[in-house]
Amino acid sequence: MEKTSTQNTRIYLIFKLCLICLGFPVLGQVSPQQRTEENPGYWPEISRTAKPWTRWWWMGNAVDKENITHLLKEYADAGLGGLEIAPIYGAKGFEDRFVEYLSPEWLELLHHTVSEANTHHMGIDLTQGTGWPFGGPWVKPEMAAQRMLVQQYTWDRTNLDRPVKMEDYRAERVAYEVAHIMAYAADGKAAEITHCLQRDGSLNWNGKGAHKILAIFKVQTGQQVKRAAPGGQGFTLDHYSRESVQSYLSHFEEAFSGNTPAIRAFYNDSFEVYGSDFTEGFFDYFQKKRGYDLKHHLPTLLAADQTEAGTRLKSDYRETISDMLLENFTQQWTDWAHKHGKKTKNQAHGSPGNLLDLYATVDIPEGETFGSSYFPIPGLRRDSADIRNVDPDPIMLKFASSAAHLSGKNLVSSETFTWLGEHFKSSYSQAKPELEQAFLAGINHMFYHGVTYSPQELAFPGWLFYASLNLTTHNSLWGHFRGFNDFVARSQSVLQAGMPSHEILMYWPIYDVWADPKGLSKMITVHNIDEWLHPTPFYQSSKQLIGQGYSVDFVSDALLKSLRVQDGQLAMVGGSLAQAILVPKLTYIRPETLETLMALAENGARIIFQKKPQDAPGYYQASEQKAKLAQLWESIAFRPVTSGIWEAKHGQGLLVVSSDFQNALNYTGVERETLTDSGLKFIRRISDEEAYYYLVNHTATTIDAWIPLNHRGKEAILLDPQHGRTGKAESKQEANQWKVRVQIEAGESQIVKILPNTTASINAWPYRNDKQQTLTLPGPWQVTFISGGPALPENSSMETVQPWTSWGDNRNRSFSGIGAYETTFDLSDQSGQVLILDLGTVHESAKVWLNGKEVGYVYGLPFRIDISDHVVAGKNILKVEVANLMANRIRHMDQQGEEWRNYHEINFVNIDYKPFDASGWEVMPSGIAGPVTIEIYR
C-alpha cells in the first residue's frame, strides 16, 4: 500500500553548507561535505537544539565571568548547542570562590552566562534548585517531604494501653505531628476521634467496647537536598502539596525580583524523594478523587497479609499519590514557568506517578541512559569490571518520547551516558551505539551527563563530578569532541524534522503496576524495571513488535482521550497518525477506558485486545465497576473470523481479540517495515510528503541490501551522519515494493531521505561495489606528540604502526593526550574509484588529514573514512591525529600519590560507589594498533 503523509508541518530551511557559514553559530560544521550546485544541502537546519547540549556542573558555584566567557567559546567551538546549569557541591580549598545560590552575585553571574551564550547562539536551561531533588534552606519543615507513620494502640473500654506519642526514634529527630486518630471496633466500624486526643497522649473518649486505635502521624522524611551547592542546602520539597510547591516557586520570584533570567527552560531531575508518601490534607484529597474515606480502611491497607481488598486500596492510594504529583507539582510548576515565559524540562521516572501523564504535562520530557549495553559490533570494548548492574533499556526511554509524540511536543531529551563506564575509560566509540539506541527510542535532544565547569587555570584533570561521564576541556578527548558532536547534530537535525511516524499505540496498563501487593508507595524507577516492566505482557509485546518492524508508542488512559479518528487513523494532538491501538494482556482496566476505546472504534479506529480484560481497578464500588466492565465487553459482538482471531465491526471501525498481535495486525492491514528482516533498526519521521528513515546497524556484519520502505517516493537521498556526505541512492520498484539500496557497516548509521519528486542536482551515492584491491600502508611511520601530559613522550619512527603504549619508556604509558601518526604512500590514478581508509583498531579517536587537507574525524567503529576526493595520483601524505583516554595519566597520578580528588560531600567514587583508586589499573592501549589499509572499490 502506497503511503504518504498529508500532515501540515513547517517547511524546514535548506541547510547551507557554504564555507563562509562554517563559523556562523546557527549552523553546525559539516566538513568535509560542501554545498555545490551538484550537491545541494539535503540536511535539515542544524539549529542549536539539533546540536547536543550538556549538563553543566557548577561546583560550589565557584564561577567567574572571565572563565564563563572563555568556556562558553570553547563549548561553542566544540559544537555544543546549549548548557543546563546544575549547581552542586564544591572542591575543597576553593571555598573563598564559592558563591551563594540565588544571591545577587550568583544572579549576576547567571545573567552574564545567558548573555555570553547568546553571542554563540547557545541556549541555557537552569535546574530549579541545587543538586537534586528540589529543596533548599527556604523549605521549612512544614513544606518538606512527608511520610505517613502509623502506630497501633488498644482501647480496653475505658483507657488506652499507653499514651499516644512518637515511638520511632528516627521520627523524633524531625518535625512530626498527629494528623488523625482512628478507632476501629470489632465489627469493622471506624470512627475518627482526633478531637479526643489530649496533650498528655490520653483519649477523652467514651468509646464502648474494645477498639483498635491507629494514630496517624505526618512525619517529615528528613531528606536533605542531595549534592547541594552553597546556599542550596536544606530539606527536600513536599511535591504533593500545592501550597508547598507554590511557596517554593514564590521564592524564585522574590530572588529574581522581576528580572527573570533569559533562560530557555527550568529543569527537574528524576524524583528520588525517598520515603515520601503523605502530605497535609491527603485523606481529604483522596476522598475527593476516589469517592470514599481511606482512613476507614487503614487496617486493611496496611495489613501484612494482603487481601484482594488490600490490593485494591493500594491501587487507589498509588493513583492518588500520582494525581497529587501531577496536579500539585508538575502542572503547577509548568503553569508557573509559562507565566514567566519559560519552558519546563522534566524527568518523570524515579517517581510514584503515571510516567506517561507526567511526561506529557511538561514541554520537554526527559529520559535517562544509565550504564552500558551490549552490542555485537566487532571490536567494541565493554570491560566487565566497568559495567553497572542494570543495562539501559530503550523501551524505558519510550515513555518520555511517547508522551511527547502524543501531546505534540517536538523535543525529547535524555540525560545521556550516566555511568557509561568507569571514570576516564569511556570512549566515543562506546558512546555512539548507546546514543543511537536512544535515538531509535525517540530521543532527539540529548544532554551529556556531563561537563563540569573547570577554571582554565586548574591543572589536569580539573574539577570533576563524582559520576562519569566527565567531558571537560581538560579531557584528553576534548580535541575530537567536535567530530562526535557534529555526528549528533546531523542526526538530531533529522530526528527533530517533521513529525514522528508510527503504526501502533500500545496501551500501558498502569493499574496492573499499581496493583502490586508489596509495600505502600510504588516508585517507578530506571533501577527496578526488572520488577514493574520486564515481566509484563506490555513490555514483551512492545519489544517483540518493535523488533518485527513496527513503530510503537505508548498511550495512557488520559492520552487516549486526546485522540481523534481521521480517515480511519488515530490523529494525535501534534498531527501525527497511528493505525491501531493495542491493549496487551492485563488484569485491570477502567470501564471508562474501555468506553473510550469503543468510541474510537465507532469512529473508524482499529483496536486490538490481546485478551479479554479481567477486572476493574480500585476499591470503591468494585463489584459494580467489574459488572459494568463485563457488560461493556459483552455488548461487543465478537465472532471468530480466522484461526485465533475474533472480530467485531463496531461503527466504522474494528474491535479485535487475538493473543498474537502480529497475526491480528496482518489481518487488519497494519503493515510492518520489513527492512528489519535485514538486521537494521530504524526510526521514521515524516515532513509533508518527505520522509526520513534513520537506520542503524548494530549487528556484527556489514548490511548491503535492497531494503523495502513503506513510505514511497520518487527518489531517495542517502545521508551519512558520521561524516556529512550525501548522495542519490539506487532505488527500484519490485513486486509492488519500493526498495532502496543501503550499504551500512557494523556500528554505522545512515539516513534515507525520501523525496516526492526526482532531482538531478545531486551526485550518486558512492557505493562500494567490486573490491579491486587492498593496500596495506607500509612504514616508516613518524609519531609526533602534540599535547597532553604529564610529559610529552619522545617522538619516534617505526616500521610497523603500533600503539605508543607498546614502545618507549614510562612516559608513553603514562601519557594522555594527542599524538600524530604520519606516513606516505604512492597511488596510481584512481579516478572514478571509491577509496576507503581503514585504520583498523584505534585507541581511541582519530582525525585524518590527507595531503595537508582535513578529511574528517573517525571516532567510532568502524574506524573507516572515504578518502576518494582527497587522494592524488603519485605520492600522498597521510597524517592521523589520535586522542587517547585520560585513564593512563590518572593511573600514573594515583601511583605517584598525587592529590587530585578533594571534594566536599561524596568526594569521588568509582562505578560501584566506593573510593576511587586507579593505581592498580592496567595500562590502556593508546594510539593506532592497525593494520592501516586502503580499500579500492569500483
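I began with the lining of the second largest cavity, which by class has four nonpolar, five polar and seven charged residues; Ala, Val, Leu, Ile, Met, Phe, Trp, Tyr, Cys and Pro count as nonpolar, Asp, Glu, Lys and Arg as charged, and the others, Gly among them, as polar. The model is a predicted one, in which local features need pLDDT of at least 70 and side-chain atom pairs count only at pLDDT 80 or more, while totals for chains, interfaces and linings use all residues. Residues are numbered from 1 along each chain as its sequence is written, and side-chain values use heavy atoms, with hydrogens and water left out.

I noted a volume of about 150 Å³ for this second largest cavity, and of the 16 residues that line it, S372, R381, R382, L420 and Q430 are the closest to its centre. A cavity here is a set of points, on a 1 Å grid over the protein atoms alone, where a 1.4 Å probe fits but cannot get out, and its lining residues have an atom within 4 Å of a point. Grid points are joined across faces, edges and corners, and the volume is the space filled by probe spheres set on the points.

I then looked up the whole search, which finds 14 cavities of 30 Å³ or more. The largest cavity holds about 170 Å³ of space, and D720, H723, R725, E748 and R768 are the closest to its centre among the 16 residues that line it. Strand β42 gives the largest share of that lining, three residues (strands, E, are DSSP runs of at least two residues, numbered from the N terminus).

I turned next to salt bridges (a side-chain nitrogen of Lys or Arg within 4 Å of a carboxyl oxygen of Asp or Glu), of which the structure holds 57. K345 and E84 form one of them at 2.6 Å, N to O, and this pair links distant parts of the chain, K345 lying in strand β11 (residues 343-346) and E84 in strand β2 (residues 82-88), 261 residues apart. I found both K345 and E84 buried, that is, under 20% relative accessible area with a 1.4 Å probe and protein chains only.

I also looked up E935 and R864, whose side chains meet in a salt bridge at 2.8 Å, N to O; the two lie 71 residues apart, E935 in strand β45 (residues 933-937) and R864 in strand β42 (residues 864-866). Both E935 and R864 are buried. Last, I recorded that salt bridges with shared partners join R55, E84, D269, K345, E366 and E415 into one network.

Terms used: Helix = DSSP H or I, 4+ residues; strand = E, 2+ residues; numbered from the N terminus. Buried < 20%, exposed > 50% of the residue type's maximum accessible area, 1.4 Å probe, protein only. 1 Å grid on protein atoms, 1.4 Å probe; cavity = no way out; pocket = protein on both sides within 12 Å on 5 of 7 lines; lining within 4 Å.
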